[in-house]
Amino acid sequence: MESKRRSSDCCWFVFHLYLLVFFGKHALAELRYSIPEEVEEGTVVGNVAKDLGLDKTSLVDRRFRVVSGSKEIFFEVNPDSGALQVSKKIDREELCQGSGACLMELKILVENPLEMHHVVIEITDVNDHSPTFSEKVQTFEIAEQSSPGTRFELHAARDPDAGINSIRTYTLTSNDHFEIEISQSDEDKIPFLVLKKSLDREQKDKHLLFVTAVDGGKPQRSGTLNVSIIVLDSNDNRPMFSQDSYQIEIQENIPVGAAVTKVNATDPDEGSNGEIEYSLSKTLARKVYEIFELDSLSGQITLKASLDFEESEIYKLEVQASDKGQPPLTGRCRVIIKIKDVNDNPPEIEITSLSNKLPEDSKPGTVISLLSVTDKDSGVNGKVILHIIDNVPFELKPSYKENIYSVVTKEFLDREQVPQYEITIKATDCGEPPLSTFKTLNIQISDVNDNSPHFNQNPLQFYLVENNVAGSPIFSISATDNDVNENAAISYHIVRRLSEKDLMSSFLNINSDNGQISALKSFDFETLKTFQFHVVASDSGTPSLSSNVTVNVFILDQNDNAPVILYPVSSNGSAEGVEEIPRNVNAGHLVTKVRAYDADIGYNGWLLFSLQEVTDHSLFGLDRYTGQIRTLRSFTETDEAQHKLLILVKDNGNVSLSATATVIVKLVEPKEAFAASDVKSSSKADEDNNVTFYLMITLGSVSALFLISIIVLIAMQCSKSTDYTSKYLQETNYDGTLCHSIQYRSGDKRYMLVGPRMSIGSTIVPGSHANTLVLPDRRRTSEEV
């Protein structure tokens with residue numbers, strides 16, 4: 001069943017090629033020229049470019065050349081003139097043995113577009129060889145009783161030339177007893193020496209003759225054979241073969257040593273005159289003696305070496321049977337052995353042209369290779385089917401000429417998915433069993449700039465600690481490009497805009513090669529909390545492709561601000577205040593309250609109060625969080641009238657900063673305290689009369705500025721994205737310390753950096769040094785991103 005299917009495939013293959021040759025569009029051409037052998041190198045065969053209609057000025061650019069699969073190159077083309085020239089002397093006899101037409105097929109290749117043309121050159125024969133005999137002397141022993149008309153086969157001359165230049169006739173020197181006769185056997189002329197008059201040994205026992213072989217060339221060439229005839233008195237019956245010609249057929253794969261055939265001759269004589277010995281004629285081609293062996297006694301012909309149908313399809317053997325008489329008589333027969341072809345040669349794939357680098361933007365149908373396939377076998381054994389065995393985006397297209405194919409793309413390519421292909425082509429003949437050959441083409445896909453640089457995340461978020469060193473790198477960004485080489489070489493630059501939103505980009509510099517960003521100034525968290533800018537990444541391809549990314553930078557606070565004492569009021573670098581209290585106050589009486597402020601946030605702005613110095617520790621106590629100074633007990637008569645308290649105010653930064661305030665408490669009698677209070681009130685009333693007007697103007701200005709600030713703040717908050725814009729809300733703790741509470745949002749969480757007192761319902765974020773809270777999200781669900 002498999003055999004029938006393969007045979008059917010081969011028939012369809014031949015039918016397809018038949019239609020392609022006779023009905024297809026003849027895109028290529030075949031030229032024929034004829035030249036004699038042995039012409040000088042440089043001889044012009046013909047102008048191929050002119051005959052093909054090619055533009056001579058484009059031959060060099062289109063790589064006009066001869067493509068030959070053989071080892072020896074006999075022809076070349078002149079790319080300037082388009083002429084086909086002989087590049088090496090041609091010996092027709094060495095190139096084409098036999099008398100048939102000697103044809104050489106050349107392939108002419110041009111590119112851009114890729115074309116292949118076939119040129120057939122016939123090598124005509126020149127009479128450059130003389131006829132030669134294998135032996136210079138041939139001796140015959142002829143009995144005197146031989147009757148006229150007896151024939152004796154002469155050595156045949158050999159002339160490698162063909163046609164009219166081959167051997168035409170044989171001549172014999174003039175004599176009385178012999179004449180020459182020529183017998184035509186196939187394409188060979190066999191000379192015979194014919195006895196026309198009986199010999200007389202007593203008159204002359206030896207004759208010397210000259211046989212001349214003459215060819216048909218102009219001028220004629222000739223060769224001479226010396227024939228020596230010895231006249232004997234003996235044997236009168238020659239061996240006779242059962243048939244004059246034996247014809248057999250054998251397959252080329254029969255084993256060495258196998259019997260080919262057996263010849264048989266008989267001799268009616270008795271004794272030694274009837275004993276026969278077989279031998280091969282000495283005029284056969286050397287190859288015959290290397291392949292066949294004849295048993296001299298039995299006449300059995302056996303195979304001495306392996307056969308090859310592709311080297312020779314037929315062998316002709318001349319077998320002689322000689323008796324042992326004196327003189328011996330000889331009979332001859334011809335054995336014709338025809339070799340039958342066996343499918344023993346796999347197909348051969350020849351890559352005529354190959355473009356092993358292919359741009360990924362090549363269109364379907366682009367030709368990447370031309371190839372031809374040959375099979376030394378004949379008939380069905382030499383019919384070849386080609387196909388690509390891999391699942392690749394390439395296909396084979398047959399040419400108008402049999403066994404010529406082109407490899408073309410059948411779909412679009414993408415180097416980023418598959419950078420190279422291995423195309424395996426299988427050639428299978430139609431023999432039984434079929435033989436196959438594989439050829440692999442390695443195709444590299446070259447890059448085209450079809451991918452833009454891309455960032456893994458957009459927008460990007462970076463956190464920068466304040467007080468950075470101006471000019472030093474602060475962070476870097478990176479983009480990737482799926483292309484290679486120059487198409488993947490990325491350069492970066494910052495988008496400079498004049499809008500207030502991107503104003504900070506003017507203080508940034510970016511390394512165009514590695515994306516490292518440096519700040520030209522030092523940032524201060526207390527004046528700038530966050531800013532945004534844009535970076536563009538461009539590749540180096542042609543044309544260049546680019547993409548941009550938004551960068552959000554959040555400034556992180558450092559403990560770079562020391563606490564500031566608001567009360568008591570500082571003077572000359574020191575904060576000192578005097579408080580007068582009646583001596584009759586009870587325990588827990590609020591003496592005064594130290595007020596301080598820190599511009600930092602979180603722990604850096606969390607202030608703690610402590611008493612460093614006090615005249616009597618049993619009298620006064622200080623709240624470490626609020627800064628309130630209260631009496632611990634009632635005063636006695638023995639207590640001093642004046643007490644000095646040194647209060648230390650420090651923040652909770654990693655490196656704590658602090659400030660000190662001095663409070664002097666004076667104990668007075670109750671009446672003095674009221675009097676002092678009245679004096680202060682009256683003096684302040686006088687001052688208020690002068691300042692009231694200015695305070696009203698100042699209050700109005702501040703109110704107007706406050707309203708404008710609120711409007712601007714609302715507008716900015718509305719223009720920012722809910723997901724990535726930090727929102728700040730300053731809360732003032734009026735218990736003594738002015739603390740900052742900053743809230744901001746990142747994603748779906750709200751964060752707040754707080755001071756010493758945390759709000760109810762908040763949660764400490766792990767890893768935030770206990771000063772960052774996650775607030776419950778009280779927004780409506782519809783507002784979530």
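## Aromatic pairs and a nonpolar core in a predicted model

The protein chain has a mean pLDDT of 80, and 82% of its residues reach 70 or more. Here pLDDT is the predictor's confidence in each residue, from 0 to 100. This is a predicted model: local features need pLDDT of at least 70, side-chain atom pairs count only at pLDDT 80 or more, and totals for chains, interfaces and linings use all residues. Residues are numbered from 1 along each chain as its sequence is written, and side-chain values use heavy atoms, with hydrogens and water left out.

**Confidence along the chain**

Among the elements of the protein chain, strand β21 (residues 300-303) has the highest mean pLDDT, 94. Strand β52 (residues 763-764) has the lowest, 34. Strands (E, at least two residues) and helices (H or I, at least four) are DSSP runs, numbered from the N terminus. Contact means heavy atoms within 4.5 Å. Residues 721-785 also have pLDDT below 50, but that stretch has 140 contacts beyond near neighbours in sequence. Where pLDDT is low, the predicted coordinates should not be read in detail.

**Aromatic rings**

Rings of Phe, Tyr and Trp (its six-membered ring) pair if their centres lie within 6.5 Å; planes under 30 degrees apart count as stacked, over 60 as edge-to-face and the rest as tilted. By this rule there are 12 aromatic pairs. F531 and F533 make a stacked pair, because their ring centres are 6.3 Å apart and their planes lie at 25°. F620 and F635 make a tilted pair, because their centres are 6.1 Å apart and their planes lie at 55°. This second pair links distant parts of the chain, 15 residues apart. F620 is in strand β45 (residues 620-622), and F635 is in the loop between β46 (628-631) and β47 (642-650).

| Residue | Relative accessible area | Class |
|---|---|---|
| F531 | 6% | buried |
| F533 | 0% | buried |
| F620 | 2% | buried |
| F635 | 9% | buried |

F531 and F533 also belong to one aromatic cluster with F462, F475 and F523.

Two lysines sit over rings. A charge counts as over a ring if NZ of Lys or CZ of Arg is within 6 Å of the ring centre and within 35 degrees of the ring normal. K521 lies over the face of F507, 4.8 Å from the ring centre. The charged end of K529 sits over the ring of F525, at 4.7 Å from its centre.

**The largest nonpolar core**

A nonpolar core is a set of buried Ala, Val, Leu, Ile, Met, Phe, Trp, Tyr and Cys residues joined through side-chain atoms within 4.5 Å. The largest one has 28 residues. I477, Y492, L508, F523, F531, F533 and V535 touch the most other members. Elements giving two or more residues to this core include β34 (490-494), β37 (530-539) and β38 (546-556). Leaving aside neighbours within four places in sequence, L508 is in contact with residues including I474, F523, F531 and F533.

**Two loop residues**

D295 lies in the loop between β20 (292-294) and β21. D295 is partly exposed, at 37% relative accessibility. Leaving aside neighbours within four places in sequence, D295 is in contact with Y278 and Q300.

G257 is in the loop between β16 (245-251) and β17 (259-262). G257 is exposed, at 52%. Leaving aside neighbours within four places in sequence, G257 is in contact with T302 and L303.

Terms used:
Buried < 20%, exposed > 50% of the residue type's maximum accessible area, 1.4 Å probe, protein only.
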